[in-house]
Amino acid sequence: MNAQPQSPVFDVERIRADFPLLSRTVHGKPLVYLDNANTSQKPAVVIDAVDRHYREHNANVARAVHLLGEEATAAYESARDGLARFIHAESRDDIVLTSGTTQSINLVAYSYALPRLKEGDSILTTVMEHHANIVPWQLVAARSGAKVKAAPIDERGELIVEKFFDMLTPEVKLACVTHVSNVLGTVNPVREIARECRKRGIALLVDGSQAVPHRPVDVKALGCDFYALTGHKMLGPTGTGALWARREHLQSMPPFFGGGEMIREVRFDGTVFADAPHKFEAGTPNIAGFAGLAQAIGYYEELGFEATHAWEQTLLTYATERLSEIPGVRIFGQAKDKEPVISFLLEGAQATDLATLLDLEGIAVRSGHHCAHPLMQFFGVPATLRASLAFYNTRAEIDAFVAAILKVRKLLL
Ligand code: PLP
């Protein structure tokens, strides 16, 4: 274990005390949770908000005039306010609450892209995308006769930006780029990409799933058209997320789901929809989840990204150095601007075997393709191991992780 102080300014042990699950054991060992890119752990304020909703406020949103209904609606809508602050949206009405990034991207695919696409058009994405930012485009491309093209990356795992710009040809109607890669941690230069897209009149969707847990996001400054995010990777409950979009897009897009809550008047000779964002929020939402997400945002706001980001970068550097010392370790992704995600392989060991043995040591890492088949194809591997960090991780956990790899390495090689 490392005896160095964790950080002079960042009291990680105090922060860890806010996360009940972090103190549990796994297979008799202290849990070392390094699967944060998959889903983050939740602070007690989030868990309590979900619990409190069901114990004290449970009712449906919008339809009720009774007090419980008002309280449930206020909790749900407070997530919209929080998200608008969190990503610096101009208006809370530009935030559509969804079940997560997957739903947010599908909403854009079916409500924005599909009505606009025709034979010969293309959608431009990149080789490093999560399947959630590939497959919806393939589905609408198949229906419209459009094509999906992917811009290349280099061996360091960085987008070849000039190539991306070259590929922004007149038949491209939409560009879709991840802000941060879930496999490589690469941060894409979204501002520059947005600038080039705007010059050419091409709308840009940014998948912010892996960015919002780590860095402040300002959708106005980024200059994109759509920004999709998921709540469960940013301390919030599963089944919560959002789509931010420029007002003119939200106004022009038809609803994707029909049902209750999204209408002004329903008649058999024609239904009048509610205004955005409500016209995209048919049915009963995950009210308790959004009550929790509002608290998650408050938690980030209290900590401040300056402190969490600095600590995460310290951990990223430390973990990269320690892993690199292990003979036979190959790290995928050496981008200059990188969030704390480390994909790697150990020569001679199967990723899944290694992850299974690490689990027995209490270390939770992910192994597999990480929903990024094209990226695995680019690197010519079927799978990697991925250690993804959060601000509540410690140097001692990284030491335990490295020690466990050295131990299981002996069993595997
Ligand atoms: N995009 C990226 C970059 C992701 O990492 C993930 C989840 O792993 C998603 C999209 C999908 O998010 P969700 O399953 O919450 O919709």
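1. Buried means under 20% relative accessible area, exposed means over 50%, and partly exposed lies in between (1.4 Å probe, protein chains only). Tyrosine 110 has a relative accessible area of 19%, so tyrosine 110 is buried. Keep these cut-offs at hand, as several points below use them.

2. A word on the source. This is a predicted model, in which local features need pLDDT of at least 70, side-chain atom pairs count only at pLDDT 80 or more, and totals for chains, interfaces and linings use all residues. Residues are numbered from 1 along each chain as its sequence is written, and side-chain values use heavy atoms, with hydrogens and water left out.

3. Now look at the ligand's oxygen atoms. A polar contact is a pair of N or O atoms within 3.5 Å; within protein, one must be able to donate a hydrogen and the other to accept it, and residues adjacent in sequence count only if both atoms are side-chain atoms. Threonine 101 brings a backbone N or O atom to 3.4 Å from a ligand oxygen. Histidine 130 places a polar side-chain atom 3.3 Å from a ligand oxygen. For lysine 233, a side-chain N or O atom is 2.6 Å from an oxygen of the ligand. The ligand taken alone exposes 400 Å², and the protein buries 86% of that. These areas come from the Shrake-Rupley method with a 1.4 Å probe; for residues, only the protein chains shown count as cover.

4. Next, the salt bridges. The count is 27, each being a side-chain nitrogen of Lys or Arg within 4 Å of a carboxyl oxygen of Asp or Glu. One of them joins lysine 29 and glutamate 361, at 3.4 Å from N to O. Lysine 29 is in strand E2 (residues 29-30), while glutamate 361 is in the loop between helix H12 (351-360) and strand E15 (363-364), 332 residues apart. Helices (H or I, at least four residues) and strands (E, at least two) are DSSP runs, numbered from the N terminus. Lysine 29 is partly exposed because its relative accessible area is 28%. Glutamate 361, at 18%, is buried.

5. Which residue forms a salt bridge with arginine 80? The partner is glutamate 281, with the closest N and O atoms 2.7 Å apart. Arginine 80 lies in helix H3 (residues 67-86) and glutamate 281 in the loop between strand E12 (272-273) and helix H10 (287-303), so the pair ties together parts 201 residues apart in sequence. Both arginine 80 and glutamate 281 are buried. They also belong to a network of salt bridges that links Glu77, Arg80, Asp81, Arg92 and Glu281.

6. Lysine 173 and aspartate 121 form another salt bridge, their closest N and O atoms being 3.2 Å apart. Lysine 173 sits in strand E7 (residues 172-178), and aspartate 121 in the loop between helix H4 (101-116) and strand E5 (122-126), 52 residues apart. Is lysine 173 buried or partly exposed? Its relative accessibility is 31%, so lysine 173 counts as partly exposed. Aspartate 121 has 3%, so aspartate 121 counts as buried.

7. Turn to the rings. The whole structure has 18 aromatic pairs. Rings of Phe, Tyr and Trp (its six-membered ring) pair if their centres lie within 6.5 Å; planes under 30 degrees apart count as stacked, over 60 as edge-to-face and the rest as tilted. Tyrosine 110 and phenylalanine 256 are stacked, at 5.2 Å centre to centre and 5° between the planes. Tyrosine 110 is in helix H4, and phenylalanine 256 is in the loop between helix H9 (247-252) and strand E11 (263-265), 146 residues apart. With 29% relative accessible area, phenylalanine 256 is partly exposed.

8. Phenylalanine 164 and phenylalanine 165 make an edge-to-face pair, because their planes stand at 75° with the ring centres 6.4 Å apart. Both of these residues are buried. Elsewhere, ring pairs link Phe19, Phe86, Tyr299, Tyr300, Phe305, Phe391 and Tyr392 into a cluster.
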